[in-house]
Amino acid sequence: KSLEEYEKKNNKDGNKVLIAEGRIASVYEDKLKNAKQARATLKRAFDYYEKLGKKARESLEIHALDTVGRASFAENEEDWKKYSAVKLKWTKMTNIAELKGSIAAKGNALQDVQKAYTKTVTLKSADPAICALHKIGLAYDQFAEQLVNFPVPKGLPEELLIELRPQFEQQADPVKQKAAEAFTAAVQKSQELDVFNPCTVAA
């Protein structure tokens, strides 16, 4: 309540509003263990940031940007869920177009989720930026894993499956490389900023 009163008194000061919102979100998350309310607070903070003019955004201090970075990362969770839900499909041996279409759909979804997390990185808030790079790596890794373990329709001859596997593995190689680059970038960003968190370890 004190922080909310502080926000009301300083509602025209972007730095003070966003810093207060970040603290409120931390209270919900760390003290009250209320992840849902913490996310709602961060969403409110991100909506506030989105409405700020260019000059106001450029004047934000690092602590205010930390809140925006956390909010941006939380906002991307829905994009991540949508991406993860896209699977490769090949239900009938004769319907190769279904497989090609699902690969294209997964690739397009990958570009969308990468764009979302790249936006988080550009906000220059250490923890969210590192975790966003890690998520980009996970997105590429997930795509590569689905290519290597592509769906096999019933009735596919064993000799054809043996012929196809190397082709899919070859297609997955550059995707794996992109994943490795993103994981490396997460570690490098962590070293550059001297900030180490669970995402650094995972990367």
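Is cysteine 199 buried or exposed? Select it and look. Cysteine 199 has 14% relative accessibility, so it counts as buried. Buried means under 20% relative accessible area, exposed means over 50%, and partly exposed is in between (1.4 Å probe, protein chains only).

Before going on, note that this is a predicted model, where local features need pLDDT of at least 70, side-chain atom pairs count only at pLDDT 80 or more, and totals for chains, interfaces and linings use all residues. Residues are numbered from 1 along each chain as its sequence is written, and side-chain values use heavy atoms, with hydrogens and water left out.

**Stop 1: the disulfide**

A disulfide joins the two, with 2.1 Å from S to S. The term covers a pair of cysteine sulfur atoms within 2.5 Å. The structure holds one disulfide. Cysteine 131 sits in helix H8 (residues 126-148) and cysteine 199 in helix H10, so the pair ties together parts 68 residues apart in sequence. Helices here are DSSP runs (H or I, at least four residues), numbered from the N terminus. Turn to the S-S bond: the angle about it is 95°, and the link is right-handed. Cysteine 131 also counts as buried, at 13% relative accessibility.

**Stop 2: the largest nonpolar core**

Now select Tyr83, Ile103, Leu110, Val113, Phe143, Leu147 and Phe168. Of the 27 residues in the largest nonpolar core, these touch the most other members. Such a core is a set of buried Ala, Val, Leu, Ile, Met, Phe, Trp, Tyr and Cys residues joined through side-chain atoms within 4.5 Å. Helix H6 (77-85), helix H7 (96-122), H8 and H9 each supply at least two residues of this core. H9 gives the largest share, eight residues.

Zoom in on phenylalanine 168. Which residues is it in contact with, leaving aside neighbours within four places in sequence? They are Leu99, Ile103, Leu147 and Phe150. Contact means heavy atoms within 4.5 Å.

Next, pick Leu18, Ala25, Ala45 and Val68. They are among the 14 residues of a second, separate core.

**Stop 3: two loop residues**

Most residues other than glycine have a negative phi. Select lysine 33, which is not a glycine but has a positive phi of about 55°. Lysine 33 lies in the loop between helix H2 (14-31) and helix H3 (35-51). Its relative accessible area is 66%, so lysine 33 is exposed.

Finish at aspartate 194, in the loop between helix H9 (158-193) and helix H10 (198-202). Aspartate 194 also has a positive phi, about 55°, although it is not a glycine. Aspartate 194 is exposed, with a relative accessible area of 60%.
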